[in-house]
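Me: I have a structure open and I'd like to go through it slowly with you. Could we start with the open spaces and then move on to the helices and loops?

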Amino acid sequence: MEEYKEKAKEIMVIGHKNPDTDSICSAICYADLKNKITGTDNYVPKRAGHLNEETHFVLNRFGVEAPEYIKDVRPQVMNIEIRHTEGIDREISVRNAWKLMDSLNVVTLPITEGRKLTGLVSIDDIAKSYFETFDNRVLSNAKTSFANIVETLGGRVITGDESEIFDKGKMLIAAANPDMMESMIDEGDIVILGNRYESQLCAIEMEAKCLIICEGAKVSNTIAKIAKSHNCIIIETDYDTYTVARLMNQAIPVGFFMTPRDRIVCFKTTDYVEDIQEIMTKKRFRDFPIEDENGNYVGTISRRNLLRSGRKKVILVDHNEKNQAVNGIEDTEILEIIDHHRLGPIQTITPVFFRNQPLGCTGTIIYKMYQEAGINIEPVIAGLMCSAIISDTLIFKSPTCTPDDIEAAMELADIAGIDPEVYGRQMFGAGSNLDEKTDREIFYQDFKKFAINDVTVGVGQVNAMGPEDIEKIKAKEVPFIDTVTGDGGLDVVYFLMTDISTECSYVLCSGKNADTIMSQAFGVDKQQDTYILKNVVSRKKQFLPAIMEAMEQ
């Protein structure tokens with residue numbers, strides 16, 4: 001249960017969908033920075049998509065585990081205030097269950113075996129034991145323990161084993177004379193009576209299982225010996241006959257009245273609040289039990305808990321556009337945005353800390369924030385930030401690269417013990433090894449959507465280390481790109497295959513006016529299936545601005 005309390009404090013640091021190396025490394029590094037500043041472990045890096053080969057290489061090189069994949073950040077049951085009521089044993093008495101409800105101020109108790117839920121008992125179920133009419137065999141039908149009876153009556157066991165179960169016979173009051181009692185008592189019955197010796201002896205000889213002696217009457221040694229020889233349990237109680245008869249149903253185990261697990265509406269901690277609201281409205285139960293992903297009981301929620309359902313807390317890195325963000329971002333509380341891209345249309349409920357600088361990489365911004373906070377950068381974190389800068393600036397060849405990016409990368413490389421040029425080529429070499437990837441995986445591994453006027457444009461990009469790699473990628477993507485238009489509301493799509501060694505991009509396109517826009521934007525003609533853009537390597541600074549200008553014209 002502590003796990004879900006910790007989840008409520010968790011603040012996710014997450015990049016964009018189809019994450020690149022900067023998105024992943026910045027999430028890890030900024031979470032590390034925030035935890036060091038706050039002295040907590042509340043900030044946790046996450047990812048909104050699958051890792052590409054380049055990022056796999058980086059994380060393996062520095063021995064860092066990949067952040068957890070998060071598909072949707074809408075509020076989940078684990079974000080609601082869950083009442084962590086401990087489970088009870090199905091054998092405890094109705095009386096004790098009611099006392100527990102009263103002390104805990106609850107109307108429902110979970111019944112568990114180990115950590116598994118077996119049923120629920122509610123205040124309505126407890127009321128049944130008082131107000132419904134049961135026959136005189138209800139205690140044996142419920143397999144009531146004599147220990148429950150002793151406890152309920154505040155009784156004292158004179159002879160016999162109270163751990164036995166009453167599973168055969170009926171309950172009756174010995175108000176008649178012994179002659180009539182002989183025709184009323186059967187083997188295995190519970191007989192409630194007073195201090196009349198003859199009645200006690202008659203009940204024992206008729207093989208009653210239990211005698212309940214009322215009003216504090218003492219049992220003689222003779223009766224006790226005879227009872228013992230007949231395996232008859234004798235219980236003394238200070239209550240009178242009427243009170244004993246009234247209390248006996250309270251000794252019944254709650255399992256007899258519970259709603260079993262297969263008839264219970266139960267939710268998982270991972271269920272989304274939005275998905276369970278309608279079910280909770282239709283099912284007029286007071287409480288709904290919650291289980292974790294392993295089927296273990298966690299607690300309960302009620303409809304009023306939904307009113308206090310908490311939004312997840314999120315910090316966005318390396319993007320600030322809704323259509324690039326993880327699903328459900330509109331239902332979160334965005335605390336901060338750290339980015340180096342153009343301003344997008346994302347909206348927040350409350351004011352946020354927003355840092356956006358015209359640098360080549362989000363990692364450079366985070367490096368500056370480490371310096372400003374006066375926090376030493378560990379070699380692993382330095383390696384990750386340096387990798388992000390090398391990736392986003394294409395080893396400082398991208399026009400987005402600034403002197404600040406180069407200075408940061410050099411200082412981080414020194415801390416991490418790497419040569420930026422040599423390491424960068426190893427990194428890009430790993431990223432261009434796409435032989436095992438499908439056409440879809442390659443196309444979407446670094447893909448972003450942009451809204452330009454009323455047109456949704458998708459731009460994917462993949463880096464390669466020479467003409468041979470370009471041809472391999474092109475062979476897969478030429479027949480695939482026409483299937484992308486219309487997928488997810490895309491009107492126009494472009495796919496850049498960037499050769500880092502020659503600083504040249506080969507572009508495929510599909511969609512309405514895609515070719516016209518390319519020709520107007522760059523003044524080049526298509527060569528077979530491809531547009532060749534020399535000295536164009538940056539999607540953000542070179543390709544997208546030209547496309548936007550052409551579309552507006």
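Reply: Let me begin with a term: helices (H or I, at least four residues) and strands (E, at least two) are DSSP runs, numbered from the N terminus. This is a predicted model, where local features need pLDDT of at least 70 and side-chain atom pairs count only at pLDDT 80 or more, while totals for chains, interfaces and linings use all residues. Residues are numbered from 1 along each chain as its sequence is written, and side-chain values use heavy atoms, with hydrogens and water left out.

Me: OK, which helices and strands each supply at least two residues of the lining of the largest pocket?

Reply: They are α2, α15, α17, β20, β21 and α21, and the largest share, five residues, comes from α21. A pocket here is found on a 1 Å grid over the protein atoms alone, as an open set of points where a 1.4 Å probe fits, with protein on both sides within 12 Å along at least five of seven lines, and lining residues have an atom within 4 Å of a point.

Me: And which residues lie nearest its centre?

Reply: Of the 37 lining residues, Asp20, Asp392, Asp446, Gln461 and Arg539 lie nearest the centre of the largest pocket.

Me: What caps the N-terminal end of α21?

Reply: Ser538 does, with a side-chain oxygen 3.4 Å from the backbone nitrogen of Lys540.

Me: Switching topic, how many residues are in the largest nonpolar core?

Reply: The largest core has 49 residues, and those with the most contacts inside it are Tyr30, Leu384 and Met385. A nonpolar core is a set of buried Ala, Val, Leu, Ile, Met, Phe, Trp, Tyr and Cys residues joined through side-chain atoms within 4.5 Å. Among the elements that each supply at least two residues of this core are β1 (11–14), α2 (21–38), α14 (362–373) and α15 (379–393).

Me: What is Leu384 in contact with, leaving aside neighbours within four places in sequence?

Reply: Leu384 is in contact with Cys25, Ile28, Cys29, Val58, Leu59, Phe62 and Val64.

Me: Back to α14, what do its buried residues pack against?

Reply: The buried residues of α14 pack against α2, β18 (333–339), β19 (353–356), α15 and α16. The helix is followed by Gly374, whose phi is positive, near 70°.

Me: Where is Glu503, and is it buried or partly exposed?

Reply: Glu503 lies in the loop between β22 and β23, and it counts as partly exposed because its relative accessible area is 28%. Its phi is positive, about 55°, although Glu503 is not a glycine.

Me: What about Val77, buried or exposed?

Reply: Val77, in the loop between β3 (68–69) and α4 (94–104), is buried because its relative accessible area is 0%. Not counting residues up to four places away in sequence, Val77 touches Ile82, Lys268, Thr269, Asp271, Val273, Ile276 and Ile290.

Technical notes. A polar contact is a pair of N or O atoms within 3.5 Å; within protein, one must be able to donate a hydrogen and the other to accept it, and residues adjacent in sequence count only if both atoms are side-chain atoms. Buried means under 20% relative accessible area, exposed over 50%, partly exposed in between (1.4 Å probe, protein chains only). Contact means heavy atoms within 4.5 Å.
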